[in-house]
Amino acid sequence: MPGLHGRWRARGALLLFLAAFMALGASNGLGRIDALLSDRLLAWDTRPVAPDIVVVGIDDASLAALGRWPWPRAVHARLLDALTAAGPRAVGLDLLLSEPDAAGDAQLAAAMQRNGRVVLPLRMAPLQSGAAVVSLPVPALAGAAAGLGHIHVELDADGVARRIFLREGFGDVLWEHFALAVLQVSGQAPPALLANPAPGGAGTAGWWRRAQPYTIPYAGPPGHVRRVSYLDVLEGRVPAAQLRGAIVLVGATAPGLSDAYPTPMASQDALMPGVEMSAQTIAALREGRSLRGAAPWEAALLTLVALGLAAAAVRLAPPRVAVCALLALLPGTVGLAWALQLAGVQWQPGAALLGLLLLYPLWSWQRLDAALAYLAREFERTRRELPPGEADDRPTAAGDLLDRRMAALSAAAEQVRALQRQRQEALHFLSHDLRAPLSATLALIELQGGANAAAALPLIEAHSRRALDMAEGFVQLARAESAQGYRLEALDLRDALVEAVDACWPLAQAQSVVLASAAPAQECLVSGDRSMLIRALVNLVDNALKHGGSTGGRVQCELVAAGAGWRIEVADAGEPLQPDLAAGLFTAFHRGGTGAPGAGLGLAFVQAVARHHGGQAGWRGLAQGNVFFIELPAGAAG
């Protein structure tokens, strides 16, 4: 069963496609494309950051007023005292203070102790060997701090900062991230995040360890967290009410001074300072927000759902509906990924989207391949159903493979339909035209034996001859319409015309009609079947004698040049035909409305012979009479 085989083949290809993209979705195998999609989805989820999280920025204005960096630690001590007076909940001093300052360390340590809620950062430098070097604040400052936290940022392969590790260190020593340490000092850390890390030593190298990866659900682009200038706080221009009870982070925001990173919310042209990354992390942790990557089985299932709906559409729906369904599934898949992200699950839909984009063209290609195979099978089957020699082996029309297959099948189907029409015409001929004289003959035979037996014999002979003529005409027409009936050879049309005129001369003499012919002096060569062409010319002349000849009239036969071929014209002097009646003269069983005897097969035979020789037959009217002609190409038949 070819159709069943094609359906199973299509289903197998579809299942293989779905399985491949399920595996791709489970492994998040599109890499940076998936990361870019996730970043765009995260950028849709912009939300405000609580106003009680404030960044005190070391900006350009502060640098212009206070001088080049680094500033004396006495300046930071004055800032810290100004903050302490405002009453913040916690202060994160995002400044690396690992180098001693004999003049300022004591002042800053004293200011930190007066505040009692200051968190300092430490820096870890991972080594290629798998170890890490940790730089802690100077002991005096570390001892005065309420907490320490690392500020190491994990960069993905594309250089974008999307996640951190909440605990990181070496050996058995783990430090909390700076943001978590600030939250813990403020008393607002979620209970699930609280821990008691072991204290660490200064400048010790060891094996680097990381725990609790955390994808930062950024709230917005750089500058999204409320900022105030370091200088304004130092000089008392920021109202204390804006800082009271707030989590304050002090860090560099000036371009070129800060540690800035590209994030999903910021491109390379708009980097986010590290102090603001910590601020946005504090906001997300305090709100209990988190993002976890979809498990492999979840990603595979979601990919299968999207592609399964698409597969059902292309499999069951009409093509136009299937395309609309696929176009609707593209934003639907993105919307599903966004909704899951709002729920805290980060599904990377790249594999599903790629599958949706590829499914329809691949399915269409597979179905087109199946259609081409089907057309080829049907074409061969149709050719086999044609009688031997009836198949049209001419080159098909130009175009691609599908166009050629369709054209070939259409031509074969048209041949089959033509044979079916011939069959219907044959049935009509046998049931009507041939049956009538035979029935009349039988009726006359039944009258034999009576007084009128001798009188019936002429009628029996007339009906028998009529039936024989119609049967002969039908057989000759069938032979003319079949490619098997032709044996081509080089011949001179002048000879064929002479033979045709000679064959009809007795009938013309009996009707007292002048039958004349004229031809060029040079050879008029064609490639054709001699007997078929002579019979076609006899039919033309006989038609002129029957329908246009009259006692004392004239039928003129003439062979003339016509373009690149030859035309034989047979003119009579009868009543001119009306164009509407003459339109079907060369169709089988058509008599032109003249009421003349015959089955209407003679001119159909002429047209069939002309077409098989690459020419055509036709008619034109005269002021008095009609001209029937046959045109043939010179030299070779088509």
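**Entry 1: ground rules**

I began with a definition: helices (H or I, at least four residues) and strands (E, at least two) are DSSP runs, numbered from the N terminus. I am looking at a predicted model, where local features need pLDDT of at least 70, side-chain atom pairs count only at pLDDT 80 or more, and totals for chains, interfaces and linings use all residues. I also noted that residues are numbered from 1 along each chain as its sequence is written, and that side-chain values use heavy atoms, with hydrogens and water left out.

I went to Pro70, which sits in the loop between α3 (60-66) and α4. The peptide bond from Trp69 to Pro70 is cis, and its omega is near 5 degrees. For background, I reminded myself that most peptide bonds are trans and that most residues other than glycine have a negative phi.

**Entry 2: α4 beside α5**

I followed the chain into helix α4 (residues 73-86) and compared its axis with that of helix α5 (residues 105-115): the two come within 8 Å and cross at roughly 15 degrees. Here axes are lines fitted to C-alpha atoms, for helices over the stretch in contact, and angles run from 0 to 180 degrees between N-to-C directions. How do α4 and α5 run, roughly parallel or roughly antiparallel? They are roughly parallel to each other, because angles under 35 degrees count that way, while those over 145 are roughly antiparallel, 65 to 115 roughly perpendicular and the rest oblique. I also looked up the handedness, and α4 passes α5 in a left-handed crossing. That word means the near helix is turned anticlockwise from the far one by less than a right angle; clockwise makes a crossing right-handed.

I then turned to α10 and helix α11 (residues 319-342), which pack at an angle of about 165 degrees with their axes 9 Å apart. This pair is therefore roughly antiparallel, and the crossing of α10 and α11 is right-handed.

Which residues form a nonpolar patch on the surface? I found Trp297, Leu301, Leu304, Val305 and Leu309, with about 490 Å² of accessible area together. Patches are made of residues with over 30% relative accessible area and no salt bridge, joining like charges within 9 Å and nonpolar side chains (Val, Leu, Ile, Met, Phe, Trp, Tyr) within 5 Å. The areas come from the Shrake-Rupley method with a 1.4 Å probe, and for residues only the protein chains shown count as cover.

**Entry 3: salt bridges**

Side chains of opposite charge can pair when their charged atoms come close. I counted a salt bridge wherever a side-chain nitrogen of Lys or Arg is within 4 Å of a carboxyl oxygen of Asp or Glu. How many salt bridges does this rule give? The count comes to 19.

One of them joins the side chains of Glu154 and Arg210 (2.7 Å, N to O). This pair links distant parts of the chain, 56 residues apart: Glu154 is in strand β6 (residues 154-155) and Arg210 in strand β9 (residues 205-215). Is Glu154 buried or exposed? Glu154 is buried, at 14% relative accessible area, whereas Arg210 is partly exposed at 39%.

I also noted Arg237 and Asp232, whose side chains meet at 2.7 Å, N to O. Arg237 is partly exposed at 47%, and Asp232 is partly exposed at 25%.

Arg567 and Glu631 form another salt bridge, at 2.9 Å, N to O. With Arg567 in strand β20 (residues 565-572) and Glu631 in strand β22 (residues 625-633), the pair ties together parts 64 residues apart in sequence. Shared partners join Arg567, Glu569, Arg620 and Glu631 into one network of salt bridges.

Back in strand β9 I found Gln212, which has a positive phi near 55 degrees though it is a residue other than glycine. Gln212 is partly exposed, with 32% relative accessibility.

Ser512 is not a glycine either, and its phi is positive at about 60 degrees. I located Ser512 in the loop between α16 and β17, partly exposed at 41%.

Gln511 lies in that loop too, between α16 (493-510) and β17 (514-518). I ended on its distance to Gly553: the two are 42 residues apart in sequence and 8.8 Å apart in space, C-alpha to C-alpha.

Technical notes. Buried < 20%, exposed > 50% of the residue type's maximum accessible area, 1.4 Å probe, protein only.
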